[in-house]
Amino acid sequence: MIDTFRWLKEADARHEQAMVSRKFGKLTLLAMTRGGISPLWLARCDCGQVREVSIQRVIVGTATSCGCTPDFMPPQPQSEWGTWRAMLDRCYQPSNPSYPHYGGRGIKICERWQTFDNFLADMGVRPGPKMSIDRIDVDGDYEPGNCRWATATIQANNQQRHKRRRMARAKAI
Ligand SMILES: [Zn+2]
């Protein structure tokens, strides 16, 4: 049995290690001040100001400074970071409402993707705000080769197709 609390804490620690002192726009990341699903970081701007920022906005590029330069892009509702962290929660956090359909069913996340940087490198930037992560084999794990960015419609069709196949398999037995 996985100690989920410790596991998620370790995921936060790995994320902090991977991101610390990286630079996005004018912001250099100093330290994570809040972990979890919407983490906050202290960042130093090129102008010298130190400010707490949402890592999601920094990664997506909608927060590029302490505020001394206008941020032009509107924040996206769910960034790659949000997708990744929600995936961890669905698989490893029994208190998550979706856990029974994921972790509870034995769906896992491959070791490589337990680090955000690897996940982003394999999946690439989310192509649009309506896209979320889809498993091609809905009974398979979250891993490269079984995941793609897809719209809710594609995902629903995929789930239907698998349901029909599972029912046909059950009938054949
Ligand atoms: Zn600044």
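How far apart do the C-alpha centres of domain 1 and domain 2 lie? They are 25 Å apart.

1. **Basis.** This is a predicted model; local features need pLDDT of at least 70, side-chain atom pairs count only at pLDDT 80 or more, and totals for chains, interfaces and linings use all residues. Residues are numbered from 1 along each chain as its sequence is written.

2. **Domains.** The protein splits into domain 1 (4–60) and domain 2 (80–172). These bounds come from an automatic or database domain assignment.

3. **Domain contact.** On the domain 1 side, 11 residues are in contact with 14 residues of domain 2. Contact here is C-beta atoms, placed from the backbone, within 7 Å. Helix H1 (4–19) and H2 each supply at least two residues of the domain 1 side. H1 gives the most, with seven residues. Helices (H or I, at least four residues) and strands (E, at least two) are DSSP runs, numbered from the N terminus. By class, this side of domain 1 has seven nonpolar, three polar and one charged residues. Nonpolar covers Ala, Val, Leu, Ile, Met, Phe, Trp, Tyr, Cys and Pro; charged covers Asp, Glu, Lys and Arg; the others, Gly among them, are polar.

4. **Core.** The largest nonpolar core has 21 residues. Such a core is a set of buried Ala, Val, Leu, Ile, Met, Phe, Trp, Tyr and Cys residues joined through C-beta atoms within 7 Å. Buried means 20 or more other C-beta atoms within 10 Å of the residue's own; exposed means 12 or fewer; partly exposed is in between, with C-beta atoms placed from the backbone. Val 53, Trp 84, Met 87, Leu 88, Cys 91 and Ile 109 touch the most other members. Strand E3 (40–45), helix H2 (55–60), helix H3 (80–92) and helix H4 (116–123) each supply at least two core residues. H3 has the largest share, six residues. At least three core residues come from each of domain 1 and domain 2.

5. **Trp 84.** Which residues does Trp 84 touch, not counting those up to four places away in sequence? They are Phe 116 and Phe 119.

6. **Ser 21.** This residue sits in the loop between H1 and strand E1 (23–24). Most residues other than glycine have a negative phi. Ser 21 counts as exposed because it has 9 C-beta neighbours inside 10 Å.

7. **Arg 105.** Is Arg 105 buried or exposed? Arg 105 is exposed, because 11 other C-beta atoms lie within 10 Å. Its place is the loop between H3 and H4. Arg 105 and Gly 61 are 44 residues apart in sequence and 35 Å apart in space, C-alpha to C-alpha.

How values were computed:
Contact = placed C-beta atoms within 7 Å.
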